[in-house]
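I opened this notebook to record what I looked up in one model, entry by entry. I begin with the sheets and then go on to a single residue, the cores and the whole chain.

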Amino acid sequence: MRKGAEVSMEGKRGRPNRRVRLEEVAKRCGVSVSTASRALTGAAGVREPMRAAIIEAARSLSYTIPTSVVGRKVIVAASSAAMIDNSRAQFTFHVLDGLNERARVLGVELATRPVAGAEDELALLREAEADPSVAGCLFLTLEDDMLPLTEGFSKPIVLINGDDPTMRHSSVTPCNRAAAQFATTRLLQLGHRRILFLMRRGRRTIERRFEGWRDALTASAEGRVEDLVVEVDDWLPELAAAAIARRIDARGVDFTAVLTAGDSLAYGAIIGLEQKGVAVPEQVSVIGMDDLPQSAFCNPPLTTMHIPMRELGSAALTLLLEHLSGGPWLARRVELACRLVERQSTAPVRAHRLDLQASGAKSR
């Protein structure tokens with residue numbers, strides 16, 4: 001074995017340094033990260049002398065070299081509802097776009113399978129187990145009750161936009177709880193205290209968003225936080241519009257802002273408010289979560305938390321392939337940062353109060 005392969009990067013007192021990143025290997029060789037990745041995974045497009053130099057550099061830096069995945073296949077199991085419903089599928093589309101781009105770099109074949117229920121998932125797992133060319137599976141936005149069916153599956157599974165409470169499988173998600181907390185905190189900074197949370201309950205990822213809203217609002221809310229939750233049965237804008245209208249009919253406009261668990265619900269919230277004569281953002285501010293492309297073009301343009309959809313797919317495939325590098329591995333839960341995109345659907349609460357006072361004076 002060459003000496004470089006045995007080098008253990010150690011700092012003071014013999015403790016290992018931080019894990020070497022692919023970027024460092026690329027920098028050592030004066031190549032791009034994608035070139036280094038292709039060389040280490042055996043993908044085409046890298047001359048053999050350069051490939052040998054990159055492998056040697058990786059070994060000298062004690063970088064874990066993944067096993068070759070060229071010619072192997074990764075099965076992507078995606079919720080069939082998310083694949084065919086346009087109001088949901090944009091999220092799925094952007095995740096798959098990131099996946100496909102990363103797969104091209106690595107020379108990996110992706111096979112997408114729609115999953116509508118337990119039978120579909122079991123058939124997919126049997127196919128993956130029996131096919132030696134399948135390296136592993138990615139589960140994209142599958143329902144939480146699908147996880148028990150993976151018991152005994154011998155190949156790695158990485159969840160995208162989901163998590164495994166038992167930590168048997170790795171996962172890549174947005175920082176859902178922190179993102180919702182940040183959005184709520186921004187509304188609080190604008191002076192809002194009565195902030196509705198509009199959601200569809202069910203998946204753990206959405207519950208994390210509910211928890212983030214609750215975390216930020218509990219100490220500042222006027223009244224009980226539970227009274228500010230509005231639920232719908234699906235992610236359709238028309239259901240959100242009807243839910244907001246019912247809330248106003250029952251209790252009046254007893255809030256100055258709405259945070260929704262997804263952009264599609266925010267579109268519906270704006271429609272419901274406008275149907276009741278409540279202007280956005282002059283009377284009520286609205287923030288969504290996703291930053292789907294049309295959010296910049298709705299009326300008014302939607303303030304929203306940007307979810308790194310393409311990056312979710314890319315990171316999940318990278319994580320899956322790291323599990324194939326040999327040796328024991330521990331499941332990991334990876335969260336990607338989100339950011340607030342401020343547009344015209346939010347305003348300081350002072351403007352709301354002045355508008356409401358003026359409306360009251362006119363009515364008298």
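**Entry 1, the mixed sheet.** I looked up the strand order in this predicted model and found an open sheet of 6 strands, β7-β6-β8-β9-β10-β12, with mixed pairing. Strands here are DSSP runs of E with at least two residues, helices are runs of H or I with at least four, and both are numbered from the N terminus; two strands pair if DSSP finds at least two bridges between them. β7 (229-231) and β12 (339-341) each have a single partner strand, so one side of each has no neighbour in the sheet. From one strand to the next, the twist averages 20 degrees.

I then followed β8 to strand β9 (residues 285-290), and found that the two run parallel and are joined by 3 bridges. In this pairing V258 stands opposite V286 in β9. Helix α9 (residues 204-218) packs on the sheet, where it touches β6 (195-199), β7, β8 and β9, and its direction makes about 175 degrees with that of β6. Helix α10 (residues 237-251) also packs on the sheet, touching β6 and β7, at about 140 degrees to the direction of β6. For these angles, axes are lines fitted to C-alpha atoms, for helices over the stretch in contact, and the angles run from 0 to 180 degrees between N-to-C directions.

**Entry 2, the parallel sheet.** I noted another open sheet of 6 strands, in the order β2-β1-β3-β4-β5-β11, with parallel pairing. Its edge strands, β2 (109-115) and β11 (333-336), pair on one side only. Within it, strand β4 (residues 157-160) and strand β5 (residues 170-174) pair over 3 bridges, and I found that L159 has S171 in β5 as its bridge partner.

Is A257 buried or exposed? A257 lies in strand β8 (residues 257-260), and A257 counts as buried because its relative accessibility is 0%; buried means under 20% relative accessible area, exposed over 50%, and partly exposed in between, with a 1.4 Å probe and protein chains only. Leaving out residues up to four places away in sequence, I listed its contacts (heavy atoms within 4.5 Å) as L187, H192, R194, I195, L196, V284 and S285. A257 and I195 are 62 residues apart along the chain, yet their C-alpha atoms are separated by 4.7 Å.

A nonpolar core is a set of buried Ala, Val, Leu, Ile, Met, Phe, Trp, Tyr and Cys residues joined through side-chain atoms within 4.5 Å. The largest one has 74 residues, of which L138, L198, W213, L273 and L317 touch the most other members. Helix α12 (residues 309-322) gives the most to this core, with 7 residues. For L273 I wrote down contacts with I244, I248, F255, V278, V280, V284 and V286, again not counting residues up to four places away in sequence.

I found 13 helices and 12 strands in the chain, and buried residues make up 52% of its 364 residues. Among contacts between residues at least 6 apart in sequence, 72% join residues at least 24 apart.

Residues are numbered from 1 along each chain as its sequence is written, and side-chain values use heavy atoms, with hydrogens and water left out. Because the model is predicted, local features need pLDDT of at least 70 and side-chain atom pairs count only at pLDDT 80 or more, whereas totals for chains, interfaces and linings use all residues.
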